[in-house]
Amino acid sequence: MKTLIKNGLMNGQANALDPVELVIEDGRIQALGQGFAEEAFDQVFDAQGGLISPGLVDVHVHFREPGQEHKETIASGSLAAARGGFTTVCAMPNVDPVPSSKERLDHMYDLIKKEAKIKVHQYATITKGLRSDELVDYEALSQAGAFAFSNDGVGVQTAGTMYQAMQEAAKVNKALVAHVEDDSLLFGGVMNAGDRSEELGLPGILPISESSQIARDLLLAEATGVHYHVCHVSTKESVRAVRQAKAAGIHVTCEVSPHHLLLADEDIPADNAMYKMNPPLRSTADRQALIDGLLDGTIDCIATDHAPHAFEEKNQGFLKSAFGIVGIETAFQLIYSYFVERGIFTLEQVVNWMARKPAEIFNLEAGQLKVGSPADLAIFALDQESEINPDDFLSKGKNTPFAGWKIKGETLATFVDGQLVWQKEA
């Protein structure tokens with residue numbers, strides 16, 4: 001099958017959008033240019049003047065299967081990802097049972113092969129239980145295809161356990177990906193500790209519960225030589241610690257989530273758990289530090305932390321509702337609309353943070369739009385404005401604080417290995 005994508009735009013020099021046509025054959029990009037004869041192709045797809053981008057890469061999603069299919073499934077989550085323009089995602093292991101053995105990881109990949117609409121890489125756990133101190137078999141899980149190792153959802157509380165885990169991850173040349181949170185500093189908090197938590201009468205989560213564990217882990221990473229990746233940084237102290245560690249030559253990378261770039265705790269309008277996530281929305285100063293950290297290279301990439309929940313699990317206020325929001329169907333659109341359109345980020349930077357850089361730091365064959373690379377791409381309508389409506393989500397989760405926000409950049413189509421996996425209805 002030989003496919004031509006015509007009437008597209010590609011990000012060029014000085015952030016200009018240049019006309020482009022793209023030729024796909026055998027699942028890979030064969031040519032980029034203009035003036036190809038349509039009759040030479042088996043299939044012609046009209047990009048309708050949209051941006052042709054490398055397929056987005058998200059290294060932090062929750063697809064909930066097995067064990068929590070009422071929240072999300074691999075099928076529904078991967079289709080939602082395709083609608084968001086993502087062609088490669090990395091699924092966290094806090095499912096039930098957790099993929100802590102070769103047999104369980106093999107089962108996960110069997111499900112992925114059967115159900116996934118896009119490319120899905122699976123994390124294995126750091127320990128045999130998310131809150132245990134007994135390490136998994138890193139060699140066996142690595143050979144079985146573990147993308148990396150993470151206990152996302154909880155922090156590793158014991159320094160000795162983290163040190164040994166880093167040693168094992170380094171031996172198999174895999175990243176150790178950390179949810180950083182010192183449980184002894186939580187004090188029952190449900191949102192960021194600050195003026196807004198006091199106004200709402202809700203217990204606060206201290207920013208140091210995150211940054212203190214990062215500081216510990218950075219020194220352990222230096223001692224072990226592991227690739228240490230920090231999930232969803234949210235505080236100015238965390239950004240400072242990572243910046244200093246990079247300057248010292250420690251192999252650390254980190255990500256930030258769109259909601260922490262777009263919102264601060266002062267934006268929480270009431271005791272509304274659609275604004276409850278972990279880490280929580282922080283202060284305005286923290287939000288600015290995250291933006292600055294992206295711009296100066298301290299923060300490497302943007303990852304959604306897509307965390308779907310059922311309605312009843314998010315409709316009980318901050319004290320009783322689950323942590324987490326969905327984001328994979330709106331991430332690019334929100335970042336484009338509220339940062340690129342306002343001149344804070346360039347389109348090239350956003351594509352780098354959401355496609356090229358995550359692929360680069362985790363050695364994935366993804367995130368590129370060049371001859372010879374896999375034909376994983378998305379087409380975005382940059383000029384068309386729409387409104388976020390959770391009822392339109394393909395994800396089972398509708399839990400978002402961004403309902404009603406105006407956006408540009410809706411996805412028109414998503415291709416994986418040259419195959420159309422999602423297309424917006426006319």
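Predicted model: local features only at pLDDT ≥ 70, side-chain atom pairs only at ≥ 80, totals over all residues.

Student: Which residues does UniProt list for "binding site"?

Tutor: The unreviewed UniProt entry lists His 60, His 62, Asp 152 and Asp 305 under that name. These residues are spread over 246 residues of sequence, yet they cluster in space, with a largest C-alpha distance of 10.0 Å. The lining of the largest pocket includes His 62, Asp 152 and Asp 305 from this set.

Student: Why is Asp 152 called buried?

Tutor: The term buried requires a relative accessible area under 20%. Asp 152 has a value of 2%, and therefore it is called buried. Its place is in the loop between strand E9 (149-150) and helix H4 (159-171).

Student: Why does Asp 305 count as buried?

Tutor: Its relative accessibility is 10%, and the cut-off is under 20%, so Asp 305 also counts as buried. Asp 305 lies in the loop between E15 and helix H10 (317-320).

Student: What makes a residue a contact of Asp 152, and which residues are touched?

Tutor: A contact needs heavy atoms within 4.5 Å. Not counting residues up to four places away in sequence, Asp 152 touches His 60, His 62, Met 92, Asn 94, Leu 130, His 179, Cys 231, His 232 and Asp 305. With neighbours within four places in sequence left aside, the contacts of Asp 305 include His 60, His 62, Asp 152 and His 232.

Student: How do you know that strand E7 (residues 86-91) and E8 pair?

Tutor: Pairing calls for at least two bridges between the strands. Four bridges join E7 to E8, so the two strands pair, and they run parallel. Cys 90, for instance, has His 121 in E8 as its bridge partner.

Student: How do you know that the span of helix H9 (residues 284-295) is close to the expected one?

Tutor: The expected span is 1.5 Å times one less than the number of residues. For the 12 residues of H9 this gives an expected 16 Å, and the helix reaches 17 Å from its first C-alpha to its last. Among the buried residues of H9 are Asp 286, Leu 290 and Leu 294. What covers the buried residues of H9 includes helix H7 (236-247) and helix H12 (347-361). Just after H9, Gly 297 takes a positive phi of about 90°.

Key: Residues numbered from 1 in each chain as written. Heavy atoms only, no water. Buried < 20%, exposed > 50% of the residue type's maximum accessible area, 1.4 Å probe, protein only. UniProt positions renumbered as here; feature names shortened; annotations may be inferred. 1 Å grid on protein atoms, 1.4 Å probe; cavity = no way out; pocket = protein on both sides within 12 Å on 5 of 7 lines; lining within 4 Å.
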